[in-house]
Amino acid sequence: MMNPALPPEPSVLVCSNIGPRERSKRLAFGIAGEVVALAILAAIKIFKLSGWTAAVTLPFFVAAGIGFFQWLEKTCIANVYRGVANMDDGDEAVTDEAIKATLARQARQVQIKAVVSGIAQTAVAILIAAL
């Protein structure tokens, strides 16, 4: 039931600025970042380096998160800042202001999720390396 004292919530627009082929590239980038980070963690364990050495995995986990979350949200951060969409037919300018605002919001969310995810994974990597 809607509370008449509260203003109605604005409708949420969900947009994408990358097509299936471009999304696949982002997913591959995310997987590659994750594999590199895990390989570094394995090397740290094999060579019995300090647990804090695993902090070097942070940029790789963040990069993996950026790739994965761009794939998941169908939003390329670079395209948002360039004001274009690539739905697998090349770059096309995004002119609708509501769509631009929505894509900008989605790009910020991708960045936030990637950083939070990268920090969490790095913390786990440091714990694993310290064992």
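## Exposure and salt bridges

Analyst: Arg 21 is exposed, because its relative accessible area is 53%. Exposed means over 50% relative accessible area, buried under 20%, and partly exposed in between (1.4 Å probe, protein chains only). The model is predicted: local features need pLDDT of at least 70, side-chain atom pairs count only at pLDDT 80 or more, and totals for chains, interfaces and linings use all residues. Residues are numbered from 1 along each chain as its sequence is written, and side-chain values use heavy atoms, with hydrogens and water left out.

User: With which residue does Arg 21 form a salt bridge?

Analyst: A salt bridge is a side-chain nitrogen of Lys or Arg within 4 Å of a carboxyl oxygen of Asp or Glu. Here the partner of Arg 21 is Asp 88, and their closest N and O atoms are 4.0 Å apart. The pair links distant parts of the chain, 67 residues apart: Arg 21 belongs to helix α1, while Asp 88 is in the loop between β1 (84-86) and β2 (91-93). These elements are DSSP runs numbered from the N terminus (helices: H or I, at least four residues; strands: E, at least two). Asp 88 counts as buried, because its relative accessibility is 17%.

User: How many salt bridges does the structure hold, and which residues are joined into one network?

Analyst: There are six salt bridges. In one of them, Lys 25 pairs with Glu 22, the closest N and O atoms being 3.0 Å apart. In another, Arg 26 meets Glu 22 at 2.8 Å, N to O. Through shared partners, Glu 22, Lys 25 and Arg 26 form one network.

User: Why are Lys 25 and Glu 22 separated by about one helical turn?

Analyst: An α-helix has 3.6 residues a turn, so residues three or four places apart point the same way. Lys 25 and Glu 22 are three residues apart in helix α1, so about one helical turn separates them. Arg 26 and Glu 22 are four residues apart in that helix, again about one turn. As for exposure, Lys 25 is exposed at 51%, whereas Glu 22 is buried at 11% and Arg 26 is buried at 13%.

User: Is Asn 17 buried or exposed, and what does its side chain reach?

Analyst: Asn 17 lies in the segment before α1 and is buried, because its relative accessible area is 0%. Its side chain reaches the backbone nitrogen of Cys 76 at 2.7 Å. Asn 17 also touches other residues, among them Val 84, Asn 86 and Leu 103; contact means heavy atoms within 4.5 Å.

User: How is the span of a helix such as α4 checked?

Analyst: The expected span is 1.5 Å times one less than the number of residues. The 34 residues of α4 should therefore span 50 Å, and its end C-alpha atoms, 49 Å apart, agree with this. For α2, with 16 residues, the span from first to last C-alpha is 22 Å, close to the 22 Å expected. Just after α2, Lys 74 takes a positive phi of about 55°.

User: What covers the buried residues of α2 and α4?

Analyst: The buried residues of α2 include Phe 61, Val 62 and Phe 69, and their cover includes α1, α3 (77-82) and α4 (97-130). In α4 the buried residues include Leu 103, Val 110 and Ile 126, with α1, α2 and α3 among what covers them.

How values were computed
A polar contact is a pair of N or O atoms within 3.5 Å; within protein, one must be able to donate a hydrogen and the other to accept it, and residues adjacent in sequence count only if both atoms are side-chain atoms.
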